[in-house]
Amino acid sequence: GSCTSVPPVVDPCSSSPDAAEARAMCDALKNSSVPMYSSCQGMLGTTTSRAYYDLCVTALCSAPKASWGTACLASVQQYQAACSALGGQVNQSLIDSCGVCFGNGGSCR
């Protein structure tokens with residue numbers, strides 16, 4: 001049989017100057033000391049919480065910083081939906097009232 005070579009998966013954070021900040025922004029998804037999602041982490045478990053965190057970080061590293069507010073939406077929404085489906089309580093969201101991640105509600109037009 002013939003093998004097709006698969007290109008290596010490149011971690012966008014390895015070349016992003018904002019990688020450390022991206023990790024810090026997404027930290028609430030896996031850090032049980034952050035009360036925002038503490039019940040979710042108990043429900044989802046460490047491995048699953050970490051997977052959503054990784055998705056969030058990768059999304060941010062792949063996007064220009066100006067669009068981080070929307071770049072993280074998919075991973076955060078999926079995380080919150082998975083948490084809610086298991087009966088977890090989302091005390092507060094990384095997504096503000098304007099539908100932007102990490103916002104303060106001041107970006108609504």
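In this report, a residue is called buried when its relative accessible area is under 20%, exposed when that area is over 50%, and partly exposed in between (1.4 Å probe, protein chains only). By that scale, both Cys26 and Cys56 are buried.

Welcome to the structure. This is a predicted model, in which local features need pLDDT of at least 70 and side-chain atom pairs count only at pLDDT 80 or more, while totals for chains, interfaces and linings use all residues. Residues are numbered from 1 along each chain as its sequence is written, and side-chain values use heavy atoms, with hydrogens and water left out.

**The disulfides**

How many disulfides does a search of the whole structure find? The search finds 5 disulfides, a disulfide being a pair of cysteine sulfur atoms within 2.5 Å. With bonded cysteines counted along the chain, the pattern is 1-5, 2-4, 3-7, 6-9, 8-10. Here are some of these links:

| Pair | S to S distance | Torsion about the S-S bond | Hand |
|---|---|---|---|
| Cys13 and Cys61 | 2.0 Å | 100° | right-handed |
| Cys26 and Cys56 | 2.0 Å | about -75° | left-handed |
| Cys98 and Cys108 | 1.7 Å | -100° | left-handed |

Cys98 and Cys108 both lie in the segment after α4 (73-85), 10 residues apart. Cys108 is partly exposed, with a relative accessible area of 47%.

Helices here are DSSP runs (H or I, at least four residues), numbered from the N terminus. Cys13 sits in the segment before α1 (19-26) and Cys61 in helix α2 (residues 38-62), so their bond ties together parts that are 48 residues apart in sequence. Cys13 counts as buried at 6% relative accessibility, and Cys61 does too, at 11%.

**Where α1 meets α2**

Two packed helices are described by the angle and the distance between their axes. The axes of α1 and α2 come within 9 Å and cross at roughly 140°, each axis being a line fitted to C-alpha atoms over the stretch in contact, with angles running from 0 to 180 degrees between N-to-C directions. The two helices are therefore oblique to each other; angles under 35 degrees count as roughly parallel, over 145 as roughly antiparallel, 65 to 115 as roughly perpendicular and the rest as oblique.

Which residues of α1 meet α2? Ala19, Ala22, Arg23, Met25 and Cys26 do so, facing Tyr53, Cys56, Val57, Leu60 and Cys61, where contact means heavy atoms within 4.5 Å.
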